Amino acid sequence: MKSNRIILVLLSFFITNYAFSQIFSTTAKYKTIVDADTLYYFSNWSDVKIKAKAQDSQATIEWYSFDSDNLTFSTLLKKTEAQTDDFTTETSNGYLCKITNNDIVTEYRFWIDVPTIDTVSFSIDTVSCDAMEVTANVKANPTKVFQISDKSWVNVEQKLVYNWYISDTLQLTLGNKQATLESPMDDTELKLVVQNQVGNNAI
C-alpha cells in the first residue's frame, strides 16, 4: 500500500511539474485535425490568435513557420521566456510551437487560414410547372496542408452551406450544391447565398 502511495505521489509530481503544456485558441471559429496537425479557421485575420501555455513561469516558447522550400518548420519567428505567449499572423501557412518546460520539449504543429468564398453563381437546369432543378457554381479555395507522415500536400475543402431564396424568402438550406425548388407562380427573383463554416458568405 505504501509503495502505491509513493508511485502516485511521484506521478502527480511529474504531471504537475514537468508534463503540462498546451496551445489553444479562443477566437478560432472552426478547427479540425489533419494528419495529427490542427487546422484552425478564423473569420478574419484580426481574430487570429494562438495561445501557448506552460507549467513553468520560465519556460521557453518558440514559434516557427513552415518553409515550403525545404518542407520543414524551420523559420524561427518568435522566441520568449514566459509561462504564456500569444501568436498572431496574417499569413495562411503551417506553424510550429515548441515549448521547453523543465527540460521537457513539446512541439505542436498547426495550420491557420481565413477561408473565403470567391464567386457564386447558379444555373437552372430544368423547369416544370411544379418544380425547378438548380445547381450552384462556387469557387472556394481550399486550404493546403503538408502531411508530415507521407510528405505530401493535401487540399482541405471548405464545408459549404447553400441557402436558396425566392423573393428574399428562404426556401431551402442544403449541404450540397444541387436543389429542387418549387416553381414560383409569377416572375420573381431567385437568390443563392453560400456560407462556409466560419460564417463568411457570398451571394
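**Surface, cores and loops**

Author: The protein exposes about 11,900 Å², and carbon and sulfur atoms supply 49% of it. Such accessible areas come from the Shrake-Rupley method with a 1.4 Å probe, and for residues only the protein chains shown count as cover. This is a predicted model, in which local features need pLDDT of at least 70 and side-chain atom pairs count only at pLDDT 80 or more, while totals for chains, interfaces and linings use all residues. Residues are numbered from 1 along each chain as its sequence is written, and side-chain values use heavy atoms, with hydrogens and water left out.

Reader: What share of the residues of the protein counts as buried?

Author: Buried means under 20% relative accessible area, exposed over 50%, and partly exposed in between (1.4 Å probe, protein chains only). Of the 203 residues here, 35% count as buried.

Reader: How is the radius of gyration of the protein to be read against that of a compact globule?

Author: The radius is taken over C-alpha atoms, and the globule rule is 2.2 Å times the number of residues to the power 0.38. A compact globule of 203 residues would have a value near 17 Å, whereas the protein has 24 Å. Along its principal axes, the C-alpha trace spans about 80 × 50 × 30 Å.

Reader: Which residues have the most contacts inside the largest nonpolar core?

Author: A nonpolar core is a set of buried Ala, Val, Leu, Ile, Met, Phe, Trp, Tyr and Cys residues joined through side-chain atoms within 4.5 Å. The largest one has 18 residues, and those with the most contacts inside it are Ile-23, Ile-50, Trp-63, Cys-97, Ile-99, Phe-110 and Ile-112. At least two core residues come from each of strands E4 (50-54), E5 (60-67), E8 (93-101) and E9 (104-113). Strands (E, at least two residues) and helices (H or I, at least four) are DSSP runs, numbered from the N terminus. A second, separate core of 16 residues includes Ile-117, Val-120, Ala-136 and Leu-181.

Reader: Where is Asp-35 placed, and is Asp-35 exposed, partly exposed or buried?

Author: Asp-35 lies in the loop between strand E2 (30-34) and strand E3 (37-41). At 25% relative accessibility, Asp-35 is partly exposed. Asp-35 also has a positive phi of about 55 degrees although it is not a glycine. Contact means heavy atoms within 4.5 Å; Gln-147 touches Asp-35 as well as Val-34, Ser-152 and Val-154, not counting residues up to four places away in sequence. Gln-147 itself is buried, with a relative accessible area of 15%.
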